[in-house]
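Open the model in your viewer and keep the selection panel at hand.

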Amino acid sequence: MARALVDIRILQREYLLAISRALTAELDLHDVLRIILQAAVEIVSGRAGMIVLADPDSEILRVAAVYGIPPHLVQHFEPLVRGVPYQEGQEQDALPELMARLQEIAQQANLGLTAVTRIPMINREEPIGLIYVFQSGNYRFGPDVRDLLRSFAEQAAIAVRNARLYQQVNKEKQRLDAILQQSADGIMILDRALKIRRFNPAVSNMTGWSPEDAIGRQHSEVIEWQRLRTNTDLYEAVANGWPLPGAAHIYVEGDCRRPENHSHQMADGKLISLGITYAPLLDENGRMTDIIANIRDLTRYREEEELQKTFISVVSHELKTPVSIIKGYAGTLRRQDAHWSPEILDDSLSVIEEEADSLTDLIDNLLEVSRLQAGTFTLEVSDEVMLPKMATAVIRKFSNQTASHTFSVDFPPDFPTIWGDERRLNQVYNNLVSNAIKYTPDGGEISVTGEVHSDYVTVSVRDEGIGIPEHEQHRIFHKFSRLDNALSRKTEGTGLGLFLSRAIIEAHNGRLWFKNNEGEPGTTFTFSLPRD
Ligand code: ATP
Ligand code: MG
């Protein structure tokens, strides 16, 4: 039934309006294509229609929308989609082949379709798909109908392009988000007013602020500098007109405090050292729209620096003390005008000997630490180490040096010989027993006890001394770490003993730990070593 031209024009306009509404309504691409297809079929009073799209990667054609074809019959239309390539201007020539295939399909599917036309969908001169429209009866598609369908094909091509652009933008955004999330360096994005807009997990870890808490706040609320190591901070730079053309980045370094507020996940009020590089993002007029801040946690380097300083002051003090004692005694003994009794001579020489020994110990310790740091620390093992015998020898040595402490050694008779580095294990004994003496200033019992277990043995050194406060427990095994109490200031020590002892025991696959004695003063240090 032919319609009046005016009717068709009005209808066409209505359809195109409906389509453009669908295009802006952010529908799924397939929904939009279905709406376009339905309009195209209806406007030419067709029986059915189908849109196929070329996959952007593989270029394989796939059915993207159907109208008037029951879903279970769609597969029968495959021969129309594949194997009849579309070429510009070939509509007429290709038709007989299509018609032949359609006849077969119509028979198989028992659908009364007798005529088909297809219109290419073109996006920037690239064919991206085809619209098929089917008719029944004696209908023949004429050029005017194809012209009409062409406007729908155009709309469909636009819909596909928009959807693909949208997908691309989305994908790109997701990729950027993932990069920001995964970056090991802290990344923060600020707006022009220096408010935080993005805050990645790495910054969160450094600063203790969760992204939810930080986003929307002023930069200065989150990064509160306690001490700056560079000349300016961001605010000063901005006040001075940053970013000036040519001088794009600024670098700010200093210490800031992690929040103490308990609503923050990682809040602990600790100082952290940060280095932040700010880079401006400019629009086409050269106006700043955002600032990208790259944040590095420099705390570890600062701690290393501190450690170096401690090292120098501790070592120079610890080296100086014995040297000046030795020099003092030697100078006194040499005086020509004095005649020293044999007892004084003997006492003085033994002081010199002791001080020389402690110098040797210190130098040994320093060498061991540098070996550990350089990774050249290796054990010289034998399989005949007799821990009970070594304990007795160490105790004998130390009992000569103190009158106020009593000692006991207690090992079961079946205590096995073990595999280990005897010289190093002796160092561990020396340190644990000397600590026990040093940190039991008023005298008391110091006992060394061995235990045998199926796979390992343990040795404990127990004292009745000052103990170790709970909150300092994690610290005492660190390099150069001495607890700040009156006793540490009075006694000699570099704070290397326990650090080395633990490294030695762990190199043997053992463990070293301690517990304050229950209900009594003092501490018990224990190490375990495997039996094999
Ligand atoms: P070094 O062993 O290098 O001469 P040090 O004895 O001070 O010096 P560590 O043996 O590493 O160093 O011990 C670290 C700190 O742990 C000590 O300074 C002391 O404050 C504390 N400490 C160690 N052993 C005991 C103990 N048995 N009782 C109480 N405090 C201890
Ligand atoms: Mg010590």
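For the first stop, a donor is an N, O or S atom within 2.8 Å of the metal, and water is not among the atoms, so a site may look incomplete. Keep in mind that this is a predicted model.

**Stop 1: the metal.** Select ligand 2, the magnesium ion, together with Asn 431 and Asn 435. The OD1 atoms of these two residues coordinate the ion at 2.2 to 2.3 Å. Now show the cartoon for residues 422-438, which is helix H13. Both asparagines belong to this helix and are four residues apart, about one turn. Are they buried or exposed? Asn 431 has a relative accessible area of 13%, so it is buried, the cut-off being under 20%. Asn 435 is buried as well, at 11%.

**Stop 2: ligand 1.** Next, select Leu 483, where a backbone N or O atom is 3.2 Å from an oxygen atom of the ligand. At Leu 496, a polar backbone atom lies 2.9 Å from an oxygen atom of ligand 1. On its own, ligand 1 has 590 Å² of accessible area, and the protein covers 95% of that.

Then color the shell by element.

**Stop 3: a cis peptide.** Select Trp 242 and Pro 243, which are joined by a cis peptide bond with omega of about 0°. Pro 243 sits in the loop between helix H9 (234-239) and strand S8 (250-257).

**Stop 4: positive phi.** Go to Ser 45, in the loop that runs between helix H2 (29-43) and strand S1 (48-54). Its phi is positive, about 50°, although the residue is not a glycine. Ser 45 is partly exposed, with a relative accessible area of 40%.

Finish at Arg 124, another non-glycine residue with a positive phi, here about 45°. Arg 124 is in the loop between strand S3 (115-123) and strand S4 (126-135). With a relative accessible area of 63%, Arg 124 is exposed.

Terms used
Residues are numbered from 1 along each chain as its sequence is written. Chains are lettered from A and ligands numbered from 1 in the order in which they are written. This is a predicted model: local features need pLDDT of at least 70, side-chain atom pairs count only at pLDDT 80 or more; totals for chains, interfaces and linings use all residues. Side-chain values use heavy atoms; hydrogens and water are left out. Donors are N, O and S atoms within 2.8 Å of the metal (3.2 Å for Na, K and Ca); water is not among the atoms, so sites may look incomplete. Helices (H or I, at least four residues) and strands (E, at least two) are DSSP runs, numbered from the N terminus. Buried means under 20% relative accessible area, exposed over 50%, partly exposed in between (1.4 Å probe, protein chains only). A polar contact is a pair of N or O atoms within 3.5 Å; within protein, one must be able to donate a hydrogen and the other to accept it, and residues adjacent in sequence count only if both atoms are side-chain atoms. Accessible areas come from the Shrake-Rupley method with a 1.4 Å probe; for residues, only the protein chains shown count as cover.
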